Amino acid sequence: MSLLLQAKLLRVLQNREIMPVGGTRLKQIDVRVMAATNKDLKQLVKQQAFREDLYYRLEVIQLHLPPLRDRKEDLHLYIQNAMEKIGNRLGKLVTISPKALKALINYNYPGNIRELENILEVSIVYDEDNVINLEDLPDIVNPQQQKPGVIEFFFEQFPNINEIEAEVLKRAVKEFKSKTDAAKHLNISRATLYRKLKEYHIDEE
């Protein structure tokens, strides 16, 4: 946030009024602000990159959320929630084996919650039996599983998870004679397969 925008936000918090876009009168507001950051704001204040007056206006009740690696006892809840959310989006109902769950809990997640969700999404995309096992996890989580570098290959070739999913769909449709067989192989319904083919414009290629 630029210093100019910080000054504008400070005026809003101090005066509790805004000028609507296109308006000619100030409007009184009653708001509560929840702000989140992964930066050290005190250090930014010392560097004059963050306004000290705005810092103390925001810093009323402070909650510190430790990284995932320091919340091992909560990890299984995050994993379960992420699997349900990703599974619903991908049209797959999956569970996780105890060994795979243990490997995920033992991992340190330098990329925090986003890395956890990415690992689970990749694992769900490649899973073939609706159960996330050790061999379904990326090598970074399970280095003992000597896989042939498939995950790394896909990430080198395709920058994001949508492109990976599209490539998996293309290969399944090309490999199987019918879309019904392709859907069965991917453990998704025909309706989900057709929707995703349309979404990625695969039938048009």
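Leu 63 counts as exposed because its relative accessibility is 71%, and the cut-off for that class is over 50%. In this predicted model, Leu 63 sits in the loop between H3 and H4, and it is among the residues that lie nearest the centre of the largest pocket.

**Chain and surface**

- When contacts between residues at least 6 apart in sequence are considered, 58% of them join residues at least 24 apart.

**Nonpolar cores**

- The largest nonpolar core has 34 residues, and those with the most contacts inside it are Leu 104, Tyr 109, Leu 120 and Leu 193.
- At least two residues of this core are supplied by each of helix H4 (75–90), helix H5 (98–106), helix H6 (112–126), H8, helix H9 (179–186) and helix H10 (190–199), and H4 gives the most, with six residues.
- Once its neighbours within four places in sequence are left aside, Leu 104 is in contact with Leu 75, Ile 79, Ile 96, Tyr 109, Ile 119, Leu 120, Leu 137 and Val 141.
- Apart from this core lies another one, of seven residues, including Leu 10, Leu 41, Phe 50 and Tyr 55.

**Largest pocket**

- The largest pocket has a volume of about 1,700 Å³, and its lining is made up of 41 residues, of which Met 34, Ala 35, Ala 36, Thr 37 and Leu 63 lie nearest its centre.
- Two or more lining residues come from each of helix H1 (3–15), helix H2 (41–46), helix H3 (52–58) and H6.
- By class, the lining of the largest pocket divides into 25 nonpolar, seven polar and nine charged residues.
- Two of the residues named for the pocket centre, Leu 63 and Ala 36, are 27 residues apart along the chain, and their C-alpha atoms are separated by 9.3 Å.

- The structure holds one cavity of 30 Å³ or more, and the largest cavity has a volume of about 120 Å³.
- Its lining consists of Leu 90, Lys 92, Val 125, Glu 165, Val 168, Leu 169, Leu 186, Ile 188 and Lys 196, which by class gives six nonpolar, no polar and three charged residues.
- Helix H8 (residues 161–175) contributes the largest share of the lining of this cavity, namely three residues.

**Residues with positive phi**

- Most residues other than glycine have a negative phi, and two residues are listed here against that background.
- Asn 130, which is not a glycine, has a positive phi of about 65 degrees; Asn 130 is placed in the loop between H6 and strand E4 (131–132), and it counts as partly exposed because its relative accessibility is 27%.
- His 201, also a residue other than glycine, has a positive phi near 55 degrees; His 201 is found in the segment after H10, and its relative accessible area of 46% makes it partly exposed.

Methods
Residues numbered from 1 in each chain as written. Predicted model: local features only at pLDDT ≥ 70, side-chain atom pairs only at ≥ 80, totals over all residues. Heavy atoms only, no water. 1 Å grid on protein atoms, 1.4 Å probe; cavity = no way out; pocket = protein on both sides within 12 Å on 5 of 7 lines; lining within 4 Å. Points joined across faces, edges and corners; volume = space filled by probe spheres on them. Helix = DSSP H or I, 4+ residues; strand = E, 2+ residues; numbered from the N terminus. Nonpolar A, V, L, I, M, F, W, Y, C, P; charged D, E, K, R; others polar. Core = buried A, V, L, I, M, F, W, Y, C linked by side-chain atoms within 4.5 Å. Buried < 20%, exposed > 50% of the residue type's maximum accessible area, 1.4 Å probe, protein only. Contact = heavy atoms within 4.5 Å.
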